[in-house]
Amino acid sequence: MSVGVIIVAAGRGTRVGASVPKQLLDLGGRSVLRRSIDAFDRHPAIAALVVVLPAELAGDGPAVVGGTDRPCQVVAGGARRQDSVREGLRAMPAGIDLVLVHDAARPFADAELIDRVIAAAGESGAAIPGLAARDTVKRVDPDRGTVTATLPREEIWLAQTPQGFRRDVLVAAVALGEAGVEGTDEAMLAERAGHTVSVVPGDARNVKITTADDLAAARATFTSGPRVGTGFDLHRLVEGRPLVLAGVTLPSDRGPLGHSDGDVLCHSLIDAMLGAAGQGDIGRHFPNTDPRWKGAPGLDLLARACGILRTAGFAVANVDVTVLLEKPKLVPHLDDIRSALAGVLGLAVDRVSVKAKTNEGVDAVGRGEAIAAHATALVWPEDRR
Ligand code: MG
C-alpha cells in the first residue's frame, strides 16, 4: 500500500484575525502550514505530498512550502474545501492507492495518529480520527437561541484530520461533490457515496487553529519549556574599596574597581538571567556610561533585572553561581549571601546556590588582583513556575 497526503491550506482563515492566511502565521519559528507538512514529510509511510494553497499563493508554492524529503506537488485550490481536495487528488501521483486528507490548520498530528488512520482506512476503505464528546450536546435553534433537543452524547464524535481513504473511495466522494453535494469534509461525501467510514481514536492535542486564542495556545506549547542562561564577570581588585557581594561586606583591604559597586556575583547572575530570557546583557540595560548606575549596588541591579524578566514573561526557577576569589575566605559568608539573593529573587534559599573557589594562586585572581564569577540561571515562562 502506497500512501500519499493532500494537505489542504486553501482557506483564508479570517477568524484568527490576522492579515495573512492563518496557515502562514508563525508557530515557534515555522509556519503552521510547514509544521503540518513536517508531520507527514517525516512519517515513514508517506510516499507523496500534495499541498493545496490559495490560488494567489500557489505561484510561489516552493517558497511558501519550503523543501521536503518526499516528492511534493503544490497546486491551487478552489472555492470550497471539496474543490480544493479535488485539485489535490488530481495532482496525486498515479502509484498512490491510499490518500490522506489533512487540514493545514492542524499542525500537531503525530505519527501514532497517522498510523491509526492509515491502518483503519486500509482495512475499511475510509477512516477518520474522532474524539468522543465530553460535554452534553444540545441542538439549538440558531434564530431563537433556544434548545430544541439534547442529543445522546455517546453517539456524538468530533471529527479530526487526517482522514484516510482508499483512492477509489476518495474518487467517488469527490465525484459526488462534483455532482453538487456539499460536504464539510471528505468523510461526509464518502458516507453519501455509500462507503463505510470507520472511526479511530483522535488526539486531543491535534487541535485545529481557528481563532486567535487557538493560535496563542498553540504558540505557548513552543515557548513553555525551561530556558537556561550563563553569565561571567570579573573586576580588578584595588586597595581602599569595599568588597561587597550581594549586600554582604567582606573583611578585605581591597575591593573591586568599577563604575558600579563591582559585585561580580550579582553582575554574572544578571547576565545569566537576561541571557536565559533572551533579553540581552547587563551592559545593554545598565551601561557604565550612565551616571544612574555609578556605584549602584549589585542587589539593586539584580532587583531591576528581575523586573525586566517579569515584563518579558519569565520567572527564575533556580540559580547557581561560582565566585573565584583568593582571599578572604567566602565560605563563612555564603549563607548570608544566599539569603540576600533569595530575598531579591523571590526564591527559596535551596534554589539559590553560591559556591566559592580560589584560583590556586594562578593568574590575576590567584594573585589577589581580581575577583571573578560564573553564573547559571534557569527561567520558566511566568505561569509555569
Ligand atoms: Mg561587573
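This is a predicted model: local features need pLDDT of at least 70, side-chain atom pairs count only at pLDDT 80 or more; totals for chains, interfaces and linings use all residues.
**Notebook: the magnesium site and the overall fold**

I began at the metal and noted that the magnesium ion is coordinated by Asp 233 through OD, His 235 through NE2 and His 267 through ND1, at 2.1 to 2.2 Å. Donors here are N, O and S atoms within 2.8 Å of the metal (3.2 Å for Na, K and Ca), and because water is not among the atoms, the site may look incomplete. Residues are numbered from 1 along each chain as its sequence is written, and side-chain values use heavy atoms, with hydrogens and water left out.

I then read the donor spacing along the sequence, which is D-x1-H-x31-H. Buried means under 20% relative accessible area, exposed over 50%, and partly exposed in between, with a 1.4 Å probe and protein chains only.

Next I turned to the chain, which has 13 helices and 19 strands; these are DSSP runs numbered from the N terminus, helices being H or I of at least four residues and strands E of at least two. The radius of gyration is 30 Å, well over the 21 Å that the globule rule gives for 385 residues, so the chain is more spread out than a compact globule. That radius is taken over C-alpha atoms, and the rule is 2.2 Å times the number of residues to the power 0.38. Along the principal axes, the C-alpha atoms fill a box of roughly 95 × 50 × 35 Å.

Of the contacts (heavy atoms within 4.5 Å) with a separation of 6 or more, 72% come from residues 24 or more positions apart.

Helix H1, residues 32-41, has 10 of its 10 residues buried, so this helix is largely enclosed by the rest of the structure. Among the buried residues of H1 are Arg 34, Arg 35, Asp 38 and Asp 41.

Finally I checked Val 20, which lies in the loop between strand E1 (3-8) and strand E2 (26-27) and is partly exposed, with a relative accessible area of 37%. Val 20 and Ala 373 are 353 residues apart in sequence and 47 Å apart in space, C-alpha to C-alpha.
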